[in-house]
Amino acid sequence: MTKTLPLTARESWKALQAHQEKIREVHLRTLFAEDAKRGERLTGEAAGIYLDYSKNRVTDETLALLRRLAEAMFRGDKINVTENRSVLHVALRAPRGTSVVVDGKNVVPEVHAVLDAMADFSNRVRSGAWKGHTGKRIRNVVNIGIGGSDLGPVMAYEALKHYSDRAMTFRFVSNVDGADLVEATRDLNPAETLFIVSSKTFTTLETMTNADSARRWLLAGLGGDSKAVSKHFVAVSTNAAKVSEFGIDTANMFGFWDWVGGRYSMDSAIGLSTMIAVGPESFRALLDGFHQMDEHFRTAPFERNLPVLLGLLTIWYTDFFGAETVAVLPYEQYLKRFPAYLQQLTMESNGKHVTREGTEVNYATGPIYWGEPGTNGQHSFYQLIHQGTRLIPCDFIAFAKALDPLGRHHDMLLANVFAQTEALAFGKTREQVKAEGAVDSLIPHRVFRGNRPSNTILAERLTPEVLGKLVALYEHTVFTQGSIWDVDSFDQWGVELGKVLAQRIIPELESKAEPALAHDSSTNTLIRRYRTRKEAVR
């Protein structure tokens, strides 16, 4: 069967290699000069998201060859093969009344039952009907989680802060470094604070360490009455026994399912803090945005499919140009945590070195995703993108309308988006620099080679619905990449080894007696040095 052929042995891969040899030196200046309509033609639009991919180092032949590769590698299943679990996060945003079947059962009614419970609880907190132990209303919400239980909620809160209830304070704790919890609670009144503890098993080391310390902080501030816990803690979990043991009423436990991966969970009960912040109506608009992009990805042909196009372009630069990173540059301050969120989504998904069948790959997978909001980034790292020696494809994200109009600010912001993509693509030649009157010694320093690829993603305004579309756009881009690389985008064994070793080292650090160490010489020395310094500080 051709399916068993290694990726690099496929005719579609070899054709792309040969094609890259032909066009790798072709400049974007030439491509635009030869096609006056290129900037209009190489665009796509779906669900209110506009994508300009014309400033990429591709021709019509490149795109056709990339589509052929996708057609050869796409699989119909979306299965987490190494953990034997279904991958159906699209069910989290399926409209009421539709059907998504897992193990012979339609899970959509269960999804909406949880959403309804979340909405009821959120409304009670937002209205003040939910009272704390002393009878005061809740004014502060602290989400405790890590990974997908933190990155999604904190990104969504920051992205949708414009729509949030400003009478409430929202904080997010994830790091097991005690400073994270201390700073999050330093100025809060325990009587007015609600903690949301998000852990599927209710055993996650960092989350439960923080939750236990938050519990002690609360009880210290409320006179030590353990009954207070049930009025100030709720859980997003599936482990009712552990939740009850902690002191949380299981009636205030919001569940999710094995087919929800952590980095795909912000639209599940993990989003409870988001729903409390923006309200159930806005949260359902967020889900609708997800669903609209899901439907576009499911139904649109490859040549007009935005996630497929973005995924294929990443394959093109990663595997045929040797690019190692992708910069995501939102020109929207509310999206300041979006690149950090994408780091887990993309790098935990496709940072893999074997195929689904366990064969070592001989091609690059999973580029590094990174970025900061514009225009801040222009004054820090854009220098390297423009004139450095590395090829860094960029995704620029912008909106036609500002959420907070202020004088000329938005026109200036968007002018920078368009100027940066133009400068990256076309640069400035020696002749142009010389014509500006530069002295000969400065000319090399002021030349911009250009030919730096970028995508521009435009939407009308950052709303809950549009945020859902953007997140789903990248989710399906990740799936496209993983399908072609033939890796399991839905497991994350790479995070396990360090956690296992940490569990072994913790008692060695805490032991009163000198422990017998059996690590390597470096780790043994570091442990001994830490123990010595820890005792000296006391």
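1. Start with the rings: Trp 13, Trp 316, Tyr 317, Phe 320, Phe 321 and Tyr 363 form one aromatic cluster. Rings of Phe, Tyr and Trp (its six-membered ring) pair if their centres lie within 6.5 Å; planes under 30 degrees apart count as stacked, over 60 as edge-to-face and the rest as tilted.

2. Before going on, keep in mind that this is a predicted model: local features need pLDDT of at least 70, side-chain atom pairs count only at pLDDT 80 or more, and totals for chains, interfaces and linings use all residues. Residues are numbered from 1 along each chain as its sequence is written, and side-chain values use heavy atoms, with hydrogens and water left out.

3. Across the whole structure, a search turns up 23 aromatic pairs. Take Phe 32 and Phe 426: their ring centres are 5.1 Å apart and their planes sit at 80°, so this pair is edge-to-face. It links distant parts of the chain, with Phe 32 in helix H2 (residues 28-34) and Phe 426 in helix H16 (residues 409-426), 394 residues apart. Helices (H or I, at least four residues) and strands (E, at least two) are DSSP runs, numbered from the N terminus.

4. Now try Phe 195 and Phe 233, a stacked pair at 4.8 Å centre to centre with 20° between the planes. Phe 195 belongs to strand S9 and Phe 233 to strand S10. Are they buried or exposed? Phe 195 is buried, at 0% relative accessible area, and Phe 233 is buried at 0% too. (Buried means under 20% relative accessible area, exposed over 50%, partly exposed in between, with a 1.4 Å probe and protein chains only.)

5. Those two strands sit in an open sheet of five, ordered S8-S7-S9-S10-S11, with parallel pairing. Strands pair if DSSP finds at least two bridges between them; S9 (residues 193-198) and S10 (residues 233-236) are joined by four. Val 197, for instance, has Ala 235 of S10 as its bridge partner.

6. Which residues does Thr 355 touch, leaving aside its neighbours within four places in sequence? They are Val 361, Tyr 363 and Asp 486, where contact means heavy atoms within 4.5 Å. Tyr 363 is also one of the cluster in point 1. Thr 355 lies in the loop between helix H14 (338-350) and strand S13 (368-370), and counts as buried at 13% relative accessibility.
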